[in-house]
Amino acid sequence: MKTTLEDITPVKKRLRVEIDAEEVDKKLNQAYGDIRNKVRIPGFRPGKAPRKILESYYGNQVREDVTKELITDSFPKAVDEAKTFPLGQPLLEKETLKQGENFVYSAIMEVRPQFEVKDYLGVEIEKEILSVSDEDVQNRLEEIRKANGKLASVAEKRPIKEGDYAIVDYKGFENSQPIEGIESSNLLVKVGKNDFHAKFDEALIGLAKEDETEIDIDFEKDFYHSKLAGKQVHFKVKVVDVKELALPELNDAFASSLGSDFKDLENLRYEIRKAIISENEKRIDGELKQRLIEKISKGLDFELPAVLVEAETDFSVNRFKNNLERGGASIEKMGISEEGLKQEFRHLSEKRVREMLILEQIAQQDQITVTQEDLDEGYRDLALTMGQDTETVKKFYEAQNQVESLKEELLKQKTLKYVVDHANLLQVERAALVQSTDREAGEG
């Protein structure tokens with residue numbers, strides 16, 4: 001077997017494989033021998049049909065089967081000889097298999113780009129100083145209070161004001177014709193939040209229960225709903241009811257009602273502070289790592305394998321669709337096309353793939369690996385997050401063939417921690433960090 005590797009681009013290669021005629025003949029002879037002993041051909045005793053008769057009956061099938069077998073057997077060895085590794089499924093170009101002749105095929109495949117990362121240890125980077133104020137705790141407490149409030153219909157017939165909850169029926173028209181799918185009954189609108197459109201909310205202010213109105217809205221060309229984007233739409237709206245949020249009192253009884261873990265209001269404030277600290281520690285760590293990898297990647301120029309970008313884009317699209325479905329929605333209901341979503345996510349996918357490749361290269365240069373201890377710890381962390389026992393999580397990942405994916409993620413996190421541990425951290429206040437980040441973005 002002979003192999004040659006040809007560069008098409010820095011990340012696309014053509015691997016040419018030539019298999020000796022002797023091996024071809026051996027496989028063909030073996031295939032026809034197997035068929036001769038299995039099939040019955042009229043006029044011949046079992047196992048006695050001549051080769052030419054077998055070829056006339058089964059030649060195409062034998063050539064196809066032997067071609068697949070030769071490629072399956074030779075490709076892993078050819079890849080090993082060429083010291084390369086394909087990303088995704090290679091595109092095969094093959095010649096017709098013939099008795100007594102060498103068999104040649106080519107595999108066009110994408111590979112990881114070759115580059116070197118320099119000056120990634122000792123990078124000077126700013127880190128936000130963790131700070132949680134009493135105001136932060138009070139704001140979170142108010143959020144919890146609002147989440148536990150109850151909507152109640154307004155007793156008197158009064159005008160809607162910002163912050164009210166209006167229950168409305170509406171129908172949309174374009175050129176006096178109803179727009180399919182643009183209608184709703186008993187829609188809950190928090191007036192002033194502008195979840196649908198600011199002009200829709202504005203038109204509700206001042207109306208009262210059972211009032212009817214008509215609203216004209218010129219939708220922006222980039223409006224998220226494709227059936228409304230760029231259109232002039234006339235809405236007929238009826239206010240079915242007006243509700244307001246009745247909030248519970250902030251006292252020990254309210255704290256206790258949230259669960260047995262909270263003894264009184266002071267204890268609730270303490271637990272809220274702990275939660276905010278934990279959240280901010282994770283946020284600060286994540287933002288620090290992101291700024292660090294962005295700083296390391298500056299000046300690095302290499303081509304991204306399309307197969308990795310496509311895989312990352314598909315993952316993001318599927319995750320977005322699944323999140324919508326869990327909330328009872330869908331991209332179809334929102335008027336968003338899957339292709340449009342892919343275009344939306346592509347830039348971020350390219351950024352993620354680029355950072356992943358840089359971290360993999362750093363890991364390779366500094367011989368960072370995922371040990372069994374790292375993997376076991378990864379299972380334990382996942383089990384804690386998922387509320388499962390460690391052994392169940394481990395068996396799930398093994399059954400779903402996701403262990404290698406988990407190792408890749410653990411290697412990424414271990415490498416990130418490695419560069420952070422070797423960075424030159426400058427402690428700064430949040431405001432100064434935001435100003436610095438804005439300034440860098442402007443320069444970029």
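**Close-up views of a predicted model**

**View 1. Glu355 and its partners.** Glu355 touches Gln290, Ile293 and Glu294, leaving out residues up to four places away in sequence. The model shown here and in every view below is predicted. Glu355 sits in helix α8, which covers residues 338–365. Is Glu355 buried or exposed? Its relative accessibility is 12%, so Glu355 counts as buried.

**View 2. The crossing of α8 and α11.** The axes of these two helices come within 9 Å. They cross at roughly 75°. The pair is therefore roughly perpendicular, as angles of 65 to 115 degrees are put in that class. On the α8 side, the contact uses Leu359, Ile362 and Ala363. On the α11 side, it uses Leu411, Lys412, Thr415, Leu416 and Val419. By class, this contact of α8 with α11 holds six nonpolar residues, one polar and one charged. An α-helix has 3.6 residues a turn, so residues three or four places apart point the same way.

**View 3. The crossing of α3 and α6.** Helix α3 spans residues 134–147, and helix α6 spans residues 265–297. Their axes come within 9 Å and cross at roughly 105°. α3 and α6 are therefore roughly perpendicular to each other. Which residues of α3 make the contact? They are Asp134, Asp136, Val137, Gln138, Arg140, Leu141 and Ile144. From α6 come Leu265, Leu268, Arg269, Ile272, Arg273, Ile276 and Glu279. The residues of this α3–α6 contact divide into seven nonpolar, one polar and six charged.

View 4. Helix α2 runs over residues 51–82 and has 32 residues. Its end C-alpha atoms are only 37 Å apart. A straight helix would reach 46 Å at 1.5 Å a residue. Where is the kink in α2 centred? The kink is centred on Tyr58 and is about 80°.

**View 5. The buried residues of α2.** The buried residues of α2 are Leu54, Gly59, Val62, Val66, Thr67, Leu70, Ile71, Ser74, Phe75, Ala78, Val79 and Ala82. What do they pack against? Their partners are strands β1 (2–9), β2 (12–19), β3 (87–94) and β4 (103–110), together with helix α1 (21–38).

**View 6. Helix α1.** The 18 residues of α1 should span 26 Å at 1.5 Å a residue. The end C-alpha atoms of α1 are 26 Å apart, which agrees. In α2, by contrast, the ends fall short of the straight-helix span. The buried residues of α1 are Ala21, Val24, Asp25, Lys27, Leu28, Ala31, Tyr32, Gly33 and Ile35. The elements covering them include β2, α2 and β4.

**View 7. Ile8 in strand β1.** Ile8 lies in strand β1. With a relative accessible area of 37%, Ile8 is partly exposed. Leaving aside neighbours within four places in sequence, Ile8 is in contact with Lys13, Arg14 and Ile108. How far apart are the C-alpha atoms of Ile8 and Met109? They are separated by 9.6 Å, and the two residues are 101 residues apart along the chain.

**View 8. His422 in a loop.** His422 is found in the loop between α11 (403–421) and β11 (424–428). At a relative accessible area of 39%, His422 is partly exposed. Not counting residues up to four places away in sequence, His422 touches Leu121, Gly122 and Val123. The C-alpha atoms of His422 and Ile129 are separated by 19 Å. Along the chain, those two residues are 293 residues apart.

View 9. Asp119 is not a glycine, yet its phi is positive, near 55°. Asp119 is in the loop between β4 and β5 (124–128). Its relative accessible area is 71%, so Asp119 is exposed. Asn186 also has a positive phi, about 55°, although it is not a glycine. Which strand holds Asn186? Asn186 lies in β8, residues 177–190. At 52% relative accessibility, Asn186 counts as exposed, since the cut-off for exposed is over 50%.

Definitions and conventions
Residues numbered from 1 in each chain as written. Predicted model: local features only at pLDDT ≥ 70, side-chain atom pairs only at ≥ 80, totals over all residues. Heavy atoms only, no water. Axes fitted to C-alpha atoms, helices over the stretch in contact; angles between N-to-C directions. Helix = DSSP H or I, 4+ residues; strand = E, 2+ residues; numbered from the N terminus. Parallel < 35°, antiparallel > 145°, perpendicular 65-115°, else oblique. Contact = heavy atoms within 4.5 Å. Nonpolar A, V, L, I, M, F, W, Y, C, P; charged D, E, K, R; others polar. Expected span 1.5 Å × (residues − 1). Bend = angle between axes of the 7 residues up to and from the residue. Buried < 20%, exposed > 50% of the residue type's maximum accessible area, 1.4 Å probe, protein only.
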